[in-house]
Amino acid sequence: MMEDRRELLRKIPKIDEVLQDERLFFFTESTPRAVIVESVREVTQELRKDILEGRRNQVGTKETLMTEIVARITGKKKKRSEEHTSEL
């Protein structure tokens, strides 16, 4: 059982690899790099935690991972925009 989890954890892409994905280049002009990196880390950490706690038994595709990361970045951008608007 633990061996299966270790194997799944090895399948999670490295953060540097994810950051090279062309879908994230779209955000680089309008989003601070720190927000992009934070989003990638959060999504991969949640995936890792779910595997370790037995809530997931597969990593999923890179497409699924990227969709989740893009949604996270978009949500952070929207939240930052709303916070900035409310300050005005």
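This is a predicted model: local features need pLDDT of at least 70, side-chain atom pairs count only at pLDDT 80 or more; totals for chains, interfaces and linings use all residues.
**Figure 1. The whole chain, end to end.** Starting at the N terminus, the elements of the protein chain follow the order α-α-α-α-α. Residues are numbered from 1 along each chain as its sequence is written, and side-chain values use heavy atoms, with hydrogens and water left out. The C-alpha trace spans about 55 × 25 × 15 Å along its principal axes. Of the 88 residues, 28% count as buried (under 20% relative accessible area; exposed is over 50%, partly exposed in between; 1.4 Å probe, protein chains only).

**Figure 2. Confidence along the chain.** The mean pLDDT (the predictor's confidence in each residue, from 0 to 100) of the protein chain is 89, and 92% of its residues reach 70 or more. Confidence is highest in helix H4 (residues 33-52), at a mean of 96, and lowest in helix H5 (residues 62-87), at 83.

**Figure 3. Helix H1 against helix H4.** Helix H1 (residues 2-11) packs on H4 at an angle of about 170°, with the axes 10 Å apart. Axes here are lines fitted to C-alpha atoms, for helices over the stretch in contact, and angles run from 0 to 180 degrees between N-to-C directions. The two helices are therefore roughly antiparallel (over 145 degrees). On the H1 side look for Arg-5, Leu-8 and Leu-9, which meet Arg-48, Ile-51 and Leu-52 of H4; contact means heavy atoms within 4.5 Å.

**Figure 4. Asp-21 in its loop.** Asp-21 sits in the loop between helix H2 (15-19) and helix H3 (22-28). Asp-21 is buried, with a relative accessible area of 7%. Its side chain makes a polar contact with the side chain of Arg-23 at 2.7 Å. Leaving out residues up to four places away in sequence, Asp-21 touches Lys-62 and Met-66.

**Figure 5. Thr-44 in helix H4.** Thr-44 belongs to H4 and, at 2% relative accessibility, counts as buried. Not counting residues up to four places away in sequence, Thr-44 touches Ile-12, Pro-13 and Ile-15. The C-alpha atoms of Thr-44 and Ile-15 are 7.9 Å apart, although 29 residues separate the two along the chain.

Methods: Helices (H or I, at least four residues) and strands (E, at least two) are DSSP runs, numbered from the N terminus. Angles under 35 degrees count as roughly parallel, over 145 as roughly antiparallel, 65 to 115 as roughly perpendicular and the rest as oblique. A polar contact is a pair of N or O atoms within 3.5 Å; within protein, one must be able to donate a hydrogen and the other to accept it, and residues adjacent in sequence count only if both atoms are side-chain atoms.
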